[in-house]
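Here is a short briefing on one protein model. Keep the sequence and the 3D view side by side as you read.

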Amino acid sequence: MRAGEVYEWLDQGPAVLLAPCMIADPIPMEKATEFSKDPEGFLQNWPREEGWTIKLLVSGDILDVHADTLTYS
């Protein structure tokens with residue numbers, strides 16, 4: 001995968017890969033209070049996965065998505 005390539009994102013149609021990114025794992029409700037006190041500090045040590053910042057060609061939306069949700073078109 002390289003920036004500039006076109007992939008399909010789920011059922012949303014074609015998307016241009018803009019740049020790699022890191023996506024934080026979901027924060028469970030029991031950690032919400034801890035997160036709200038210091039979001040940046042909390043996320044520094046929170047697990048993350050590699051993903052991509054994409055631009056959907058149909059709507060123009062720019063999103064960060066997990067790499068495994070992209071398929072080569």
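Tyr7 has a relative accessibility of 9%. Values under 20% count as buried, so Tyr7 is buried. Keep in mind that this is a predicted model.

**The ring pair**

- How many aromatic pairs does a search of the whole structure find? It finds 1.
- That pair joins the rings of Tyr7 and Tyr72, whose centres are 5.2 Å apart.
- The ring planes meet at 75°. An angle over 60 degrees counts as edge-to-face, so this pair is edge-to-face.
- Tyr7 sits in strand E1, while Tyr72 sits in strand E5. The pair therefore ties together parts that are 65 residues apart in sequence.
- Is Tyr72 buried or exposed? Tyr72 is exposed, because its relative accessible area is 61% and the cut-off for exposed is over 50%.

**The sheet as a whole**

- The model has an open sheet of 5 strands. Their order is E4-E3-E2-E1-E5, and the pairing is antiparallel.
- Which strands stand at the edges? They are E4 and E5 (70–72). Each has a single partner strand, so one side of each is left without a neighbour in the sheet.
- From one strand to the next, the twist averages 45°.

**E1 with E2**

- Strand E1 covers residues 6–9, and strand E2 covers residues 14–24.
- The two run antiparallel and are joined by 3 bridges.
- Within this pairing, Val6 stands opposite Val16 in E2.
- E1 and E2 form a hairpin, with 4 residues between them. In the turn, Leu10 has a positive phi of about 45°.

**E2 with E3**

- E2 and E3 are also paired in the antiparallel sense, over 9 bridges.
- Ala15 has Leu56 in E3 as its bridge partner.
- Met22 stands opposite Glu50, which is in E3.

**E3 with E4**

- E3 and E4 pair in the antiparallel sense over 5 bridges.
- Trp52 has Val65 in E4 as its bridge partner.
- Lys55 is bridged to Ile62 in E4.
- These two strands form a hairpin with 5 residues between them. Gly60 there takes a positive phi near 85°.

**Asp61, in a loop**

- Where does Asp61 lie? Asp61 is in the loop between strand E3 (48–56) and strand E4 (62–66).
- Asp61 has a relative accessible area of 41%.
- The side chains of Asp61 and Ser59 are joined by a polar contact of 3.2 Å.
- Which residues does Asp61 contact, leaving aside its neighbours within four places in sequence? They are Ile54, Lys55 and Leu56.
- Asp61 and Ala15 are 46 residues apart in sequence. In space, their C-alpha atoms are 9.3 Å apart.

How values were computed:
Residues are numbered from 1 along each chain as its sequence is written. This is a predicted model: local features need pLDDT of at least 70, side-chain atom pairs count only at pLDDT 80 or more; totals for chains, interfaces and linings use all residues. Side-chain values use heavy atoms; hydrogens and water are left out. Buried means under 20% relative accessible area, exposed over 50%, partly exposed in between (1.4 Å probe, protein chains only). Contact means heavy atoms within 4.5 Å. A polar contact is a pair of N or O atoms within 3.5 Å; within protein, one must be able to donate a hydrogen and the other to accept it, and residues adjacent in sequence count only if both atoms are side-chain atoms. Two strands pair if DSSP finds at least two bridges between them. Axes are lines fitted to C-alpha atoms, for helices over the stretch in contact, and angles run from 0 to 180 degrees between N-to-C directions. Rings of Phe, Tyr and Trp (its six-membered ring) pair if their centres lie within 6.5 Å; planes under 30 degrees apart count as stacked, over 60 as edge-to-face and the rest as tilted.
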